[in-house]
Amino acid sequence: MDFAYYWFHRLAHEVNIFWISHQTHHSSEDYNLATALRQSSLQGFVSMFIYLPNALFIPPSVHLVHSQVNILFQFWIHTELIDNLGPLEYILNTPSHHRVHHGRNPYCIDKNYAGALIIWDRMFGTFAAERKEEDLAYGLVHPLNSFDPIYVQLGSLQSLCVRFWNTEGFWNKISVLVKGPGWSPGKPRCGDFNDLPQVEKPIIKHDPDVSSWISAYALVHYVGLVPLYDKLMLLRHTLSAPSQALDVTIQMSTAMCMGFLFDKKPYAYFSELVRCLLIATFFVTQQTDLEESHELPGIVVQGLQLLYLLSAFIWFLVLVMGDRDKGKLD
């Protein structure tokens, strides 16, 4: 299982059409346990083909258990708090090895693909040890500079389509898909490592100066999603398709609009006003149906009604009073 993971992971970095399903995980410019949870919605459509040969000789239950153990193992290595683990560094994938994998320093690119065992990288020539004398910069070589989750998930797909369309020649277009993200005509399959930008010091992360008011507002609205999300997961086999689609729309629109606010998009305030108005209308007009279908207590639904109505009123005042132009909430 770990051997298959190594090759899936390596292909996800070295084949451009697979990279779009994995780059989300590398988009974080911080390196902590939450980074492990930053996963692509497209990745499963790629990895299943790599694991398909297992179906010929491994029972499904065994495959699933080892798959979960492999993934769970990789959670704890997303940390800067653990240094060198001595002799274990020769066998296991460790925080030190995986920090290199997530680094965008030139020596880190396309290195340390291991899941649980670093032996595969040592065997196949993709191993690099962490250089203590060089500070690591995390994230993508070309940072996304956005907190919009839709863009973080699908932005690379958009870029790939544009690049495919603009590349001349049939075989060059195919190469855009099947060669590395850094490839261009006349370059090696995985690109020319001399083209990689050097990490500038001090390392600067995408961190817009957002007011504590906006941060607190976002936190309240994320907490407000919990009851609906919890019921969606619990009742997903019995909820009607329209109800599930609406729940997912509410979840995604919230995450997207919070991203707009943090990115300081010019349309962020208006987008949030529209979102709050639409969701408030839904909760008010469908209160009884929502309580029954989602098994939500009436007080929870009423609390959400109040949250969205009050939020819509606040953003209406913000737009009318012109605080956006004055920058009072930024």
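Predicted model: local features only at pLDDT ≥ 70, side-chain atom pairs only at ≥ 80, totals over all residues.
A salt bridge here is a side-chain nitrogen of Lys or Arg within 4 Å of a carboxyl oxygen of Asp or Glu. The two partners are 175 residues apart: glutamate 14 belongs to helix α1 (residues 2-14), while arginine 189 lies in the loop between α10 (170-178) and α11 (212-234). Helices are DSSP runs of H or I with at least four residues, strands are runs of E with at least two, and both are numbered from the N terminus.

Side chains of opposite charge can pair when their charged atoms come close. Across the whole structure, nine salt bridges are found.

## How α9 meets α10

Helix α9 (residues 149-166) packs against α10 at an angle of about 160°, and their axes are 8 Å apart. Axes are lines fitted to C-alpha atoms, for helices over the stretch in contact, and angles between N-to-C directions run from 0 to 180 degrees. The pair is therefore roughly antiparallel. Angles under 35 degrees count as roughly parallel, over 145 as roughly antiparallel, 65 to 115 as roughly perpendicular and the rest as oblique.

Which residues of α9 and α10 meet? Leu160, Arg163, Phe164 and Trp165 come from α9, and Lys173, Ile174, Val176 and Leu177 from α10; contact means heavy atoms within 4.5 Å. These residues divide into six nonpolar, no polar and two charged. Here Ala, Val, Leu, Ile, Met, Phe, Trp, Tyr, Cys and Pro count as nonpolar, Asp, Glu, Lys and Arg as charged, and the others, Gly among them, as polar.

## How α14 meets α15

Next come helix α14 (residues 287-294) and helix α15 (residues 298-321), whose axes come within 10 Å and cross at roughly 130°. The two helices are therefore oblique to each other. Gln287, Leu290 and Glu291 of α14 make the contact with Gly298, Val301, Gln302 and Gln305 of α15. By type, the contact has two nonpolar, four polar and one charged residue.

## Annotated regions

UniProt, in an unreviewed entry, lists "domain: Fatty acid hydroxylase" for residues 1-126. That span is 49% helix and 0% strand, with its end C-alpha atoms 19 Å apart. The unreviewed UniProt entry also gives "domain: Alkylglycerol monooxygenase C-terminal" for residues 215-282. Residues 215-282 are 85% helix and 0% strand, and their end C-alpha atoms lie 25 Å apart. UniProt positions follow the numbering used here, feature names are shortened, and annotations may be inferred rather than shown by experiment.

## Reading the model

Residues are numbered from 1 along each chain as its sequence is written, and side-chain values use heavy atoms, leaving out hydrogens and water. Local features need pLDDT of at least 70 and side-chain atom pairs count only at pLDDT 80 or more, while totals for chains, interfaces and linings use all residues.
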